[in-house]
Amino acid sequence: MSDLTLVIGNKTYSSWSLRPWLALKQAGLSFAETVIPLRQPDTAARIAAHSPSGRVPSLIHDGLTVWDSLAICEYVAELTPEAQLWPADRAARAVARAVSAEMHSGFVSLRSTMSMDLKRDRKGEGMTEATAADIARIEALWADARTRFGKPAGGPFLFGAFTIADAMFAPVVTRLETYGVAVSPESRAYMDAVLALPAMREWIAAAKAEPWEFEP
């Protein structure tokens with residue numbers, strides 16, 4: 001495999017960067033990281049040097065730049081079909097893509113009132129009626145995927161084994177943890193499975209060690 005470089009925001013706050021980073025780790029690929037601290041005076045200029053969209057993440061491979069989290073995850077899945085980052089079953093794969101796309105484009109209230117923050121305990125903050133509705137929808141998605149696909153497949157993730165769908169929801173797991181959101185026992189078990197991944201533990205430990213901070 002030729003050299004891969006993933007350009008990401010700093011790990012404390014960059015939810016979009018976590019998604020493809022986790023997919024790359026779970027696929028077993030070696031890659032270099034270029035970390036750009038967010039909300040600094042030179043952030044925009046530094047990102048623009050690596051990403052045509054002016055946003056992170058972006059993946060650089062063999063002279064190709066792929067931007068957007070979900071597009072990068074799809075690219076990683078094509079590079080490593082043996083990693084089975086999408087379910088093998090057609091129905092499960094279709095639903096996994098649908099829930100990933102919904103996460104990619106939706107849940108605006110959750111994003112705005114409960115931003116990803118891996119340095120602070122922010123229990124009790126950020127809950128609004130719209131955010132509660134977003135969380136209820138997410139829990140319903142998780143429950144449906146686990147009931148129809150995850151549990152029958154015998155694994156702890158949404159579709160049994162880890163897939164891109166889990167990568168897409170990993171930052172949500174950290175948000176619910178950071179803000180102390182009460183969830184169902186089934187959601188809690190799923191969150192624990194995601195947080196127990198060695199790659200997730202690695203990301204969170206690195207985030208806590210970062211020197212860059214800004215007040216929420």
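Colleague: Is Trp 203 buried or exposed?

Modeller: The relative accessible area of Trp 203 is 0%. A residue is called buried under 20% relative accessible area, exposed over 50% and partly exposed in between, with a 1.4 Å probe and protein chains only. Trp 203 therefore counts as buried.

Colleague: What kind of model is this, and from which number are the residues of each chain counted?

Modeller: This is a predicted model, in which local features need pLDDT of at least 70 and side-chain atom pairs count only at pLDDT 80 or more, while totals for chains, interfaces and linings use all residues. Side-chain values use heavy atoms, with hydrogens and water left out, and the numbering follows each chain as its sequence is written, starting from 1.

Colleague: In which helix does Trp 203 lie?

Modeller: Helices are DSSP runs of H or I with at least four residues, strands are runs of E with at least two, and both are numbered from the N terminus. By that numbering, the helix that holds Trp 203 is α9.

Colleague: Which residues does Trp 203 touch, not counting residues up to four places away in sequence?

Modeller: Contact means heavy atoms within 4.5 Å. With residues up to four places away not counted, Trp 203 touches Ile 8, Lys 11, Ser 14, Ser 17, Leu 18, Trp 21, Met 116 and Leu 118.

Colleague: How are α1 and α9 oriented to each other?

Modeller: Axes are lines fitted to C-alpha atoms, for helices over the stretch in contact, and angles run from 0 to 180 degrees between N-to-C directions. The axes of α1 and α9 (residues 198–209) come within 10 Å and cross at roughly 135°. Angles under 35 degrees count as roughly parallel, over 145 as roughly antiparallel, 65 to 115 as roughly perpendicular and the rest as oblique. The orientation of α1 to α9 is therefore oblique.

Colleague: How do the residues in the contact of α1 with α9 divide by type?

Modeller: From α1 come Ser 17, Leu 18, Trp 21, Leu 22, Lys 25 and Gln 26, which meet Ala 199, Met 200, Glu 202 and Trp 203 in α9. Ala, Val, Leu, Ile, Met, Phe, Trp, Tyr, Cys and Pro count as nonpolar, Asp, Glu, Lys and Arg as charged, and the others, Gly among them, as polar. The residues of this contact are six nonpolar, two polar and two charged.

Colleague: In which hand does α1 pass α7?

Modeller: Helix α1 (residues 15–26) packs against α7 (residues 164–178) at about 130°, with the axes 8 Å apart. A crossing is left-handed if the near helix is turned anticlockwise from the far one by less than a right angle, and right-handed if clockwise. The crossing of α1 and α7 is right-handed.

Colleague: What is the relative accessibility of Leu 110?

Modeller: Leu 110 belongs to α5 (residues 108–113). Beyond four places in sequence, the residues that Leu 110 touches include Ile 135, Ile 138 and Val 172. Leu 110 counts as buried, because its relative accessibility is 2%.

Colleague: Is Arg 93 buried or partly exposed?

Modeller: Arg 93 is found in α4 (residues 90–105). Apart from neighbours within four places in sequence, Arg 93 is in contact with Trp 86, Pro 87 and Ala 88. At 25% relative accessibility, Arg 93 is therefore partly exposed.
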